[in-house]
Amino acid sequence: MGKTIIKDTLNRPLRDLRISVIDRCNFRCQYCMPADQFGPEFAFLPKSALLTYEEIERISTLFVQLGVEKIRLTGGEPLLRKDLPLLVEKLSKIEGLSDIGLTTNGVMLPKLAGDLKKAGLKRVNISLDSLNDELFGKINGRKVGTKPVLDGIEAAKKAGLGVKINMVVKKGLNDSEIIPMADFCKREGLQLRFIEYMDVGSTNGWKMDDVVTKKEIYQLLKQQYELEPVEPAYFGEVAKLYHYKGTKVDVGFITSVSESFCSSCTRARLSANGQIFTCLFNGNGHDIRNMMRNGATEEELRNRIIDIWGGRKDRYSDERTLATASNRKKIEMSYIGG
Ligand code: SAM
Ligand code: SF4
Ligand code: SF4
């Protein structure tokens, strides 16, 4: 079946699909799944609620037929999902899909990077918020030092995967790590993307004052390095990139708070239990799992996706105010997939 690119009410095409394969995680990052809210009693999804790999493959195939070119697997921690390379292998066979990526905390990459690469994975984004063991252990809420993540980075490189590093910056917590992280990534030839701390979910106690903006980070970097802006490679590229002059290395910013990019947001999200979300900040998911389990045909599923995307109006970050940040019903990042 060929490709039909569908568009939403603001004329934005459907291009990317982010799939959360599991809502659990081995970390408790304080900006994402704070340990005091996600304790031993927390009720994560039971296995039967998770989409099976066959269901993910089926729904992904329809998404690709409707315009999706890139799929990114995320979570929770996606590498905690059993046999993830099997899913990658299934997805890599979908005709018309040009790219599969994965966002991970990296800890299980030494075990899995080789199999993931063999299965068809192209790239990994690895999250690392500090190079200081004590601070990193405090941020991840599990006292895990940097070594397991650094080993994960090495394993991914060795396996031949493209590697980018994600760093969420929170004021007073890890802004002191901006330059050390930039130095490290530049030296290692890795693209570092600074992510503005976002008001996702309702458990992280987000305040605007905690955000370190792109402008602030850029000013800091400018004092150390010569940076040249890089033109966006395609419509909807989320990271704003700069090039370290005289090197082959870029550094990027994900400016979800200070310079929103809703007008070019082409991303749909599929939660671990099979709900489609049209925005990271829109708490109303559209069930597709039960439709599949109740015997829906391909035609019915396709029409459902067309209706959902066709009715999409989301532009939360463009409209963000202090009131919306605290009042709106929002979904946790670990559930919907960051
Ligand atoms: N566990 C994996 C990881 O940490 O990379 C994948 C899931 S995680 C939810 C995906 C991305 O979202 C990570 O890069 C993480 O740093 C980012 N993230 C989580 N909470 C965030 C927040 N409040 N603001 C900005 N980014 C956040
Ligand atoms: Fe887990 Fe990733 Fe969230 Fe950290 S950011 S708690 S590693 S899902
Ligand atoms: Fe896309 Fe929603 Fe983020 Fe805007 S706020 S860029 S619509 S996910």
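## Around ligand 1 and beyond

Asn-166 puts a polar side-chain atom 3.2 Å from an oxygen atom of ligand 1, a polar contact in the sense used here (a pair of N or O atoms within 3.5 Å; within protein, one must be able to donate a hydrogen and the other to accept it, and residues adjacent in sequence count only if both atoms are side-chain atoms). The protein covers 96% of the 540 Å² of accessible area that ligand 1 has on its own, with areas taken from the Shrake-Rupley method and a 1.4 Å probe, and, for residues, only the protein chains shown counting as cover.

Before going further, some housekeeping. This is a predicted model, in which local features need pLDDT of at least 70 and side-chain atom pairs count only at pLDDT 80 or more, while totals for chains, interfaces and linings use all residues. Residues are numbered from 1 along each chain as its sequence is written, chains are lettered from A and ligands numbered from 1 in the order in which they are written, and side-chain values use heavy atoms, with hydrogens and water left out.

Back to ligand 1. Its shell counts 20 residues, and Tyr-31, Gly-76, Ser-127, Met-198 and Met-333 come nearest; a residue is near a molecule or strand if one of its heavy atoms lies within 4 Å of it. Ser-127 brings a side-chain N or O atom to 2.6 Å from an oxygen atom of the ligand. At Tyr-31, a polar backbone atom sits 3.0 Å from a nitrogen atom of ligand 1. Three strands, β3 (99–104), β5 (162–169) and β6 (191–196), each give the shell at least two residues. Sorted by class, the shell has eight nonpolar, ten polar and two charged residues (Ala, Val, Leu, Ile, Met, Phe, Trp, Tyr, Cys and Pro count as nonpolar, Asp, Glu, Lys and Arg as charged, and the others, Gly among them, as polar).

Trp-206 has 13% relative accessibility, so it counts as buried (under 20% relative accessible area, with exposed over 50% and partly exposed in between; 1.4 Å probe, protein chains only). Its side chain reaches the backbone oxygen of Tyr-197 at 3.1 Å. Tyr-31 turns up again here: its C-alpha atom is 7.9 Å from that of Trp-206, although 175 residues separate the two along the chain.

Asp-210 lies in the loop between β6 and α7 as well, and at 11% relative accessibility it is buried too. Leaving aside neighbours within four places in sequence, Asp-210 is in contact (heavy atoms within 4.5 Å) with Val-169, Lys-170, Lys-171, Tyr-197 and Gly-205.

What about the other ligands? Ligand 2 is surrounded by Cys-25, Phe-27, Cys-29, Cys-32, Met-33, Gly-76 and Asn-105, which split into five nonpolar, two polar and no charged.

Finally, zoom out. The protein has twelve helices and twelve strands (DSSP runs numbered from the N terminus: helices H or I, at least four residues; strands E, at least two). Its radius of gyration is 19 Å, close to the 20 Å that the globule rule gives for 338 residues, so the protein is as compact as a globular protein of that length (radius over C-alpha atoms; the rule is 2.2 Å times the number of residues to the power 0.38). Buried residues make up 55% of the 338.
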